[in-house]
Amino acid sequence: MSRRHDQSYKLLFSVPLAVEQLIRHFLDAGLADELDFQRVENLATERIMAGLVSSHADLLWKIRFRGSRRHLLLAIEFQSGVNRYMAVRVHHYVVAAYHAMTATGTDREELAPGGRLPPTLAVTIYNGRARWTAPQDITELIGPVRGWLSERQPRLRHEVLDLRERARQPLPKANVVSWIASLELDPSPDNVSHVVQRVLARYSGAEHASLREAFREWVLGAAASWGIEDEVLEEVTSLKEAEMIYAGVEELKEQYRERRKRARVEGRVEGRATMVCRQARLKFGAETAERLSQLLEGIADPERIARIGDRIIECETGAELLASALES
């Protein structure tokens with residue numbers, strides 16, 4: 001995942017509505033009913049452990065249970081490649097958060113009543129092309145043991161939302177996460193235009209401005225992964241209307257393709273001109289080659305340069321070659 005695409009995912013899932021839709025429609029509707037998404041809080045994602053070891057999760061949410069002082073610790077990670085030991089990484093982030101809560105300092109306020117640790121839900125949102133195959137529970141990565149010892153191994157399962165794989169199945173409708181999954185599987189102009197229009201139609205009010213902006217940044221972040229040069233992509237950020245985003249990006253992509261095409265042609269022209277001048281130098285000397293080089297600078301057609309190169313064999317003198325180049 002490009003850095004910009006990664007950051008745009010974080011921005012999108014920093015909107016409580018997107019988090020609610022993630023849990024309600026893709027994880028567990030019953031849990032979503034228990035949670036108060038009006039009382040949510042982003043927690044610090046960077047932790048400094050003993051020995052100055054830094055831990056940096058993608059997103060950590062504190063979500064209150066309805067009518068309770070208790071809360072859920074929601075950890076969200078974003079992946080574009082299958083990581084066999086992702087369960088270990090997620091386990092580390094959760095333990096780091098728990099460690100901060102139990103250490104001396106203000107984080108003790110994050111403990112549940114009675115000094116208990118909050119329950120945890122860990123989610124990995126994956127947008128890679130290959131299906132996710134890595135273990136989802138750290139226990140699966142530990143060598144098998146039996147009996148008494150088996151009950152004393154660490155356990156923590158992280159839920160994996162494989163966006164492309166999920167998009168191959170019927171998706172919940174009118175849902176930001178569904179639309180993102182759809183775009184990851186099918187980033188065609190028609191589908192992007194369709195999704196953008198649906199986002200604008202459903203979330204048009206002022207209360208959804210942050211969601212629209214996050215979605216806009218997600219589209220721009222996804223566009224970065226299409227291979228467009230950063231300086232070209234930056235031009236898109238001046239667009240104000242969300243429905244113009246994809247059209248603008250498509251236009252810039254076409255401009256980029258044209259520049260690449262011209263660059264390839266110019267490269268062939270320069271390469272052939274260099275070769276022709278080298279051949280002229282070998283047969284007629286440096287002075288003829290230098291004058292020929294000046295003549296070739298004004299020629300943009302690689303085939304025309306190639307024809308001049310053919311004349312090197314036919315011409316008897318440098319003067320004849322230069323005259324032939326002028327005529328062609």
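**Note on the predicted model: strands, helices and side-chain contacts**

1. Arg 70 lies over the face of Phe 65, at 4.5 Å from the ring centre.

2. Strand E6 (residues 120-126) is largely enclosed by the rest of the structure, because 6 of its 7 residues are buried. Strand E5 (residues 71-79) pairs with E6 in the parallel sense over 7 bridges, and within this pairing Leu 74 stands opposite Leu 121 of E6. E6 is also joined to strand E7 (residues 158-162), by 5 bridges, and these two strands run parallel. Here Ile 125 has Leu 161 in E7 as its bridge partner.

3. Helix H7 (residues 176-185) is mostly covered, with 9 of its 10 residues buried. Among the buried residues are Trp 179, Ser 182 and Glu 184. At the start of H7, a side-chain oxygen of Asn 175 comes to within 2.8 Å of the backbone nitrogen of Val 177.

4. Which residues of helix H12 (residues 286-296) are buried? They are Thr 288, Ala 289, Leu 292 and Leu 296. These residues cover an arc of only 95° around the axis, and therefore lie on the same side of H12. In an α-helix there are 3.6 residues a turn, so residues three or four places apart point the same way.

5. Salt bridges number 9 in the structure. One of them joins the side chains of Asp 58 and Lys 10 (3.4 Å, N to O). Asp 58 lies in the loop between strand E3 (53-56) and strand E4 (59-65), whereas Lys 10 belongs to helix H1 (residues 3-12), so the pair ties together parts that are 48 residues apart in sequence. Both Asp 58 and Lys 10 are buried.

6. A salt bridge also links the side chains of Asp 36 and Arg 39 (3.1 Å, N to O). Asp 36 is buried, with a relative accessible area of 14%, while Arg 39 counts as partly exposed at 35% relative accessibility.

7. The side chains of Arg 89 and Glu 77 form a further salt bridge (3.8 Å, N to O). Since Arg 89 lies in helix H4 (residues 86-102) and Glu 77 in strand E5, the pair ties together parts that are 12 residues apart in sequence. Arg 89 is partly exposed at 28% relative accessibility, whereas Glu 77 is buried at 2%. Elsewhere, salt bridges that share partners join Glu 20, Arg 24 and Asp 33 into one network.

8. The whole structure contains 7 aromatic pairs. Tyr 9 and Phe 78 form a tilted pair, at 5.5 Å centre to centre and with 35° between the planes. Tyr 9 lies in helix H1 and Phe 78 in strand E5, so this contact ties together parts that are 69 residues apart in sequence. Tyr 9 is buried, with a relative accessible area of 0%, and Phe 78 is buried as well, with 5%.

9. The ring centres of Trp 179 and Tyr 203 are 6.2 Å apart and their planes stand at 75°, so the pair is edge-to-face. Trp 179 is part of helix H7, and Tyr 203 lies in the loop between helix H8 (189-202) and helix H9 (209-224); the pair therefore ties together parts that are 24 residues apart in sequence. Trp 179 and Tyr 203 are both buried.

10. One aromatic cluster is formed by Tyr 9, Phe 13, Phe 78, Phe 215 and Trp 218.

Key:
Residues numbered from 1 in each chain as written. Predicted model: local features only at pLDDT ≥ 70, side-chain atom pairs only at ≥ 80, totals over all residues. Heavy atoms only, no water. Buried < 20%, exposed > 50% of the residue type's maximum accessible area, 1.4 Å probe, protein only. Helix = DSSP H or I, 4+ residues; strand = E, 2+ residues; numbered from the N terminus. Pairing = 2+ DSSP bridges. Polar contact = N/O pair within 3.5 Å; in protein donor to acceptor, adjacent residues only side chain to side chain. Arc of directions from axis to C-beta. Salt bridge = Lys/Arg side-chain N within 4 Å of Asp/Glu carboxyl O. Phe/Tyr/Trp six-rings, centres within 6.5 Å; stacked < 30°, edge-to-face > 60°. Lys NZ or Arg CZ within 6 Å of the ring centre and 35° of its normal.
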